Amino acid sequence: MKPLFYRLILITSGCVLAGCNRTFVVPETVDSSVSASGPVSFNTHIQPILSENCYHCHGPDSGTREPEKEPLRLDREKYAFENRADGKPVIVKGDAGASLLVRLLKSKDPDEMMPPPKSHKELTPDQIAMIERWVDQGAIYEEHWSFIPPKRPEIPSSEAAINPVDTEHHVTGTANMRCVQLSRFL
Ligand code: HEC
């Protein structure tokens, strides 16, 4: 028998023992939910709600913008905090209780509630609570996601990982890399 053949068997079985036959699973890192006390992100949590329920009348299209007399825009930071006819902005940074926008979202009066009943749009209590928290946290409009430099997610070391499943992903990943490196010598 050729020595190369023995080397092949040795390396292959080594790889199998080291766990090469396992599938490498990339852990889920994108999480659109937010814990009750965590920071609320405009781009992830707020923009989709406003875009779906408000931008038709308070967004970029000047043809459908409301109210006619004093159109309100919520899609751009520079307009969202402008003083209105009553001398106050509809969003008071850091104070949901003083923000007309939050009051109208919670209103049950069909003459003032937002979105208006005729739009057939309705926010869930969770979505209203999310907007309230965003205002309380300072109503920060983030830049569009494409201008935000990407952040590298932290990779837990196998010693530090508390979750045994995470540890396994990384250990298995390392084993797979070694096998790929070994197979290059064949
Ligand atoms: C179908 C159109 C329409 C939609 C959709 C809509 N609005 Fe309005 N909005 C109006 C109109 C019309 C007024 C003026 C009402 C009035 O004067 O009584 C208004 C007024 C407001 C005001 C008060 C402005 C001021 O200075 O008095 C706020 C705040 C507001 N809307 C927020 C929202 C939010 C937040 C949403 C989405 C959750 C929304 N609106 C969805 C039509 C709309």
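The chain has 7 helices and 0 strands, where helices (H or I, at least four residues) and strands (E, at least two) are DSSP runs numbered from the N terminus. This is a predicted model, in which local features need pLDDT of at least 70 and side-chain atom pairs count only at pLDDT 80 or more, while totals for chains, interfaces and linings use all residues. Residues are numbered from 1 along each chain as its sequence is written. Going along the sequence, the pattern reads α-α-α-α-α-α-α. Of the 186 residues in the chain, 10% are buried. Here a residue is called buried if 20 or more other C-beta atoms lie within 10 Å of its own, exposed if 12 or fewer do, and partly exposed in between, with C-beta atoms placed from the backbone.

Contacts come next. Two residues are in contact if their C-beta atoms, placed from the backbone, lie within 7 Å. Take the contacts between residues at least 6 apart in sequence: 52% of them join residues at least 24 apart.

What about the core? A nonpolar core is a set of buried Ala, Val, Leu, Ile, Met, Phe, Trp, Tyr and Cys residues joined through C-beta atoms within 7 Å. The largest one has 13 residues, and those with the most contacts inside it are Ile 91, Leu 101, Val 102, Leu 105, Ile 131, Trp 134 and Val 135. Two or more residues of this core come from each of α5 and α6. Leaving aside residues up to four places away in sequence, Val 135 touches Ile 91, Ala 96, Ser 99 and Val 102.

Ile 91 turns up again beside Phe 81, which touches Pro 89 and Ile 91 when residues up to four places away in sequence are not counted. Phe 81 sits in the loop between α4 (77–80) and α5 (100–106). Phe 81 counts as partly exposed because it has 14 C-beta neighbours inside 10 Å. Its C-alpha atom is 7.5 Å from that of Val 92, a residue 11 places away along the chain.

Now for the ligand. A residue is near a molecule or strand if its C-beta atom, placed from the backbone, lies within 6 Å of it. There are 21 residues around the ligand, and Cys 54, Cys 57, Glu 66, Pro 67 and Met 114 come nearest. Both α3 and α5 supply at least two residues of this shell, with α5 giving the largest share, 4 residues. Sorted by class, the shell has 13 nonpolar, 4 polar and 4 charged residues; Ala, Val, Leu, Ile, Met, Phe, Trp, Tyr, Cys and Pro count as nonpolar, Asp, Glu, Lys and Arg as charged, and the others, Gly among them, as polar.

Most residues other than glycine have a negative phi, and most peptide bonds are trans. Glu 66 and Pro 67, however, are joined by a cis peptide bond with omega of about -15°, and Pro 67 lies in the loop between α3 (55–58) and α4. Another cis bond links Met 114 to Pro 115, with omega of about -5°. Pro 115 belongs to the loop between α5 and α6 (125–136).

His 120 is in the loop between α5 and α6, and has a positive phi of about 60° although it is not a glycine. With 7 other C-beta atoms within 10 Å, His 120 is exposed. Ala 139, in the loop between α6 and α7 (164–183), also has a positive phi, near 50°. Ala 139 is buried, because 23 other C-beta atoms lie within 10 Å.
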